[in-house]
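These notebook entries record what I looked up, beginning with the aromatic rings and then turning to the strands.

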Amino acid sequence: QVQLVESGGGLVQAGGSLRLSCAASGRTFSSYRMGWFRQAPGKEREFVTAITKGGLRTWYADSVKGRFTVSRDNAKNTAYLQMKSLKPEDTANYYCAATPKEVITGPYDYWGQGTQVTVSS
């Protein structure tokens, strides 16, 4: 089992940047594919990005491609989501998730509690 804790959310103006972190504890972090999801009020949770266990492959939702970058540091048991050129429509609660399976959009087995990102216009 793995425990996930997100951090780095906050309030930012449109066009700004934020970097989210997802710290993992428990079993070997490098055994898990990592994903980031987000959920805005009144909307369903949506896939944002995923990264393989070794960090060599990544996938992105069309809505964030070219603006967001996912990465991981297995030595630090941490995944990151660098967000640039933020838009008001990026406002959501962002979650990291982990799975030992070779999936992209899901299902994921373990979830963090989320961190709020608010982008003002």
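**Entry 1. Aromatic pairs.** I looked up the aromatic pairs and found five in the structure. I took rings of Phe, Tyr and Trp (its six-membered ring) as paired if their centres lie within 6.5 Å; planes under 30 degrees apart count as stacked, over 60 as edge-to-face and the rest as tilted. The model is a predicted one, in which local features need pLDDT of at least 70 and side-chain atom pairs count only at pLDDT 80 or more, while totals for chains, interfaces and linings use all residues. Residues are numbered from 1 along each chain as its sequence is written, and side-chain values use heavy atoms, with hydrogens and water left out.

**Entry 2. Tyr32 and Tyr110.** Why is the pair of Tyr32 and Tyr110 edge-to-face? The ring centres are 5.9 Å apart and the planes stand at 85 degrees, so the pair falls in that class. I then located the two residues: Tyr32 lies in the loop between S3 and S4, and Tyr110 lies in strand S10 (residues 110–111), 78 residues apart, so that the pair links distant parts of the chain. Is Tyr32 buried or exposed? Tyr32 is buried, at a relative accessible area of 5%, whereas Tyr110 is partly exposed, at 24%. My cut-offs were under 20% relative accessible area for buried, over 50% for exposed, and partly exposed in between (1.4 Å probe, protein chains only).

**Entry 3. Phe37 and Trp111.** I recorded this aromatic pair as tilted, with 4.9 Å centre to centre and 55 degrees between the planes. The pair also links distant parts of the chain, with Phe37 in strand S4 and Trp111 in strand S10, 74 residues apart. Phe37 counts as buried at 5% relative accessibility; Trp111 is partly exposed, with a relative accessible area of 29%. Which residues do ring pairs link into a cluster? They are Phe37, Phe47, Tyr108 and Trp111.

**Entry 4. Charges over rings.** I searched for charges over rings, requiring NZ of Lys or CZ of Arg within 6 Å of the ring centre and within 35 degrees of the ring normal. The charged end of Arg45 sits over the ring of Trp111, 3.8 Å from its centre. The charged end of Arg72 sits over the ring of Phe29, at 4.4 Å from the centre.

Entry 5. I counted two strands as paired if DSSP finds at least two bridges between them. Strand S4 (residues 33–39) pairs with S5 over five bridges in the antiparallel sense, and Arg38 has Glu46 as its bridge partner in S5. Six residues lie between the strands of this hairpin, where Gly42 takes a positive phi near 80 degrees. Strand S5 (residues 46–51) is mostly covered, with five of its six residues buried. S5 is also joined to strand S6 (residues 58–60) by three bridges, again running antiparallel; Ala50 has Trp59 as its bridge partner in S6. In the hairpin of S5 and S6, Gly55 takes a positive phi near 85 degrees.

**Entry 6. The open sheet.** What is the strand order in the open sheet of four strands? The order is S1-S3-S8-S7, with antiparallel pairing. Strand S1 (2–7) and strand S7 (68–73) stand at the edges with a single partner strand each, so one side of each is left without a neighbour in the sheet. Six bridges join S3 (residues 18–26) to S8 (residues 78–83), and Leu18 has Met83 as its bridge partner in S8.
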